Amino acid sequence: MSTTSAERAKLPGRLGDPESSLRTDPRSDRRTVLALAAFGLDVNAGPPPVRPDSPRAEQLEFVAGAEAGFEAVFAALMDGLPAVDGIIHRTETIAGPDGNEITLYITRPADAAGPLPGVLHIHGGGMVILRGAGAAYVRFRNELAATGLVVVGVEYRNGGGVLGPHPFPAGLDDCAEALASVHAHRGDLGISTLTVAGESGGANLALATTIRSKREGTLHAIDGVYAMVPYVSGIYSRGETERAAELPSLVENDGYFISCATVAVMAAVYDPGAAHATDPLCWPYHAAIDDLVGLPPHVISVNEVDPLRDEGLAFYRKLTEAGVEATTRTVPGACHGADLMFRAAAPDLYLGTIDDVHRFAAGL
């Protein structure tokens, strides 16, 4: 049965109005829209100059430019914020699985006594761009640590950008190595429980690291998983009709800060030729129920006007079907990553996520 124009008009976002954008969608948090408008990101961008089937050199050039742009935006959004007090930092380097080095950024309360809940934090960027040393992720780790957590950020190899090009499974290998190291040194780090957390591509790697740990018999290293705005399906290059049928938010919110056309190119950089399109270690959305049975408690946090919202919710439903202790939360009015970007513009969104990560980690 076809959808009439009147019925379509009642649908949210671009399902109801193909011209809808963050600026015009009444669901959008207006404070975040205003903050993005300063960078011209409150409207839907045109298609990227490359496609998933473009030459790899052109794809890598595109993501390198995207990385520089995103890092500049995040730095500007964090600029002028007061320092987070009462925390201390140190950096360690461990050996990676391919002779590479992995940097760990360790942040903890300055006056803590006794073991504290720990968080292994995996930064976002679609597994192909950005760095744990970037301004937004330093700030996020600092704010988490100030709540009474030991936070360890992992600088893994990216599929592109300044830390690339290292396609799947290099980044996952590094995250698994970081997990093993942190778990082995819980006593030295002053960690009691360990939550693996990440946002967007970092959520992909957090979930994939957990599934891999089950397969390898090391699941005891993980006490909980907190996945924010997970980028896990890999189906972004499919046609609009197919995307709308399987994960409606991929059309409903397409172009709201991020677009399917852009993340499809990033997916191709991470998984050249889509060789691992249904491998749950590459794209956890495709995990079978048996992959998930016996996993530790999870939180899946999604944002209302994010194209990736529905793949996060779909993964949550798989977890509950597998009998995993899982909860979900939806941040109203928030675009992709809004609750990690807008510390100044929308502090309640930001601190709400900080508080929820703390509550989960401290409650394990």
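## Aromatic pairs

Let's start with the rings: there are nine aromatic pairs here, where rings of Phe, Tyr and Trp (its six-membered ring) pair if their centres lie within 6.5 Å. Planes under 30 degrees apart count as stacked, over 60 as edge-to-face and the rest as tilted. Phe70 and Phe74 make a stacked pair, because their ring centres are 6.1 Å apart and their planes meet at 25°. Both sit in helix H4 (residues 56-78), four residues apart, or about one turn of the helix. Helices (H or I, at least four residues) and strands (E, at least two) are DSSP runs, numbered from the N terminus.

This is a predicted model, so local features need pLDDT of at least 70 and side-chain atom pairs count only at pLDDT 80 or more, while totals for chains, interfaces and linings use all residues. Residues are numbered from 1 along each chain as its sequence is written, and side-chain values use heavy atoms, with hydrogens and water left out.

Elsewhere, the charged end of Lys318 sits over the ring of Tyr285, 5.7 Å from its centre. For that label, NZ of Lys or CZ of Arg must be within 6 Å of the ring centre and within 35 degrees of the ring normal.

## The sheet

Now for the strands. Eight of them form an open sheet in the order S1-S2-S4-S3-S5-S6-S7-S8, with mixed pairing. Two strands pair if DSSP finds at least two bridges between them. At the edges are strand S1 (87-95) and strand S8 (326-331), each pairing on one side only. From one strand to the next, the twist averages 20°.

What surrounds S3, and how does it pair? Seven of the seven residues of S3 are buried, so the rest of the structure largely encloses this strand. S3 runs parallel to S5, joined by six bridges, and Val119 has Thr195 in S5 as its bridge partner. S3 also pairs in the parallel sense with strand S4 (residues 150-155) over five bridges, where His121 stands opposite Gly153 in S4. Next along, strand S5 (residues 191-199) and S6 are parallel over five bridges, and Gly198 faces Ala227 in S6.

## Helices around it

Helix H15 (residues 347-362) lies across strand S3 (116-122), S5, S6, S7 and S8, running at about 165° to S6. Axes are lines fitted to C-alpha atoms, for helices over the stretch in contact, and angles run from 0 to 180 degrees between N-to-C directions. Contact means heavy atoms within 4.5 Å.

Helix H8 (residues 201-216) has 16 residues, and its end C-alpha atoms are 22 Å apart, which agrees with the 22 Å it should span at 1.5 Å a residue. That expected span is 1.5 Å times one less than the number of residues. In H8, 13 of the 16 residues are buried, so the helix is largely enclosed by the rest of the structure. Just after H8, Gly217 takes a positive phi of about 75°.

## Loops with a twist of their own

The loop between S4 and H6 holds Pro165 and Pro169. A cis peptide bond joins Gly164 and Pro165, with omega about -5°, and another cis bond joins Phe168 and Pro169, with omega about 10°.

Met127, in the loop between S3 and H5, has a positive phi of about 65° although it is not a glycine; Met127 is buried at 1% relative accessibility. Val229 is not a glycine either, and its phi is positive at about 40°. Val229 lies in the loop between S6 and H9 and is buried, with a relative accessible area of 2%.

Ser233 sits in the loop between strand S6 (224-228) and helix H9 (240-246). Ser233 is buried at 0% relative accessible area. Not counting residues up to four places away in sequence, Ser233 touches Leu247, Trp283, Tyr285, His286 and Glu311.

Conventions:
Buried means under 20% relative accessible area, exposed over 50%, partly exposed in between (1.4 Å probe, protein chains only).
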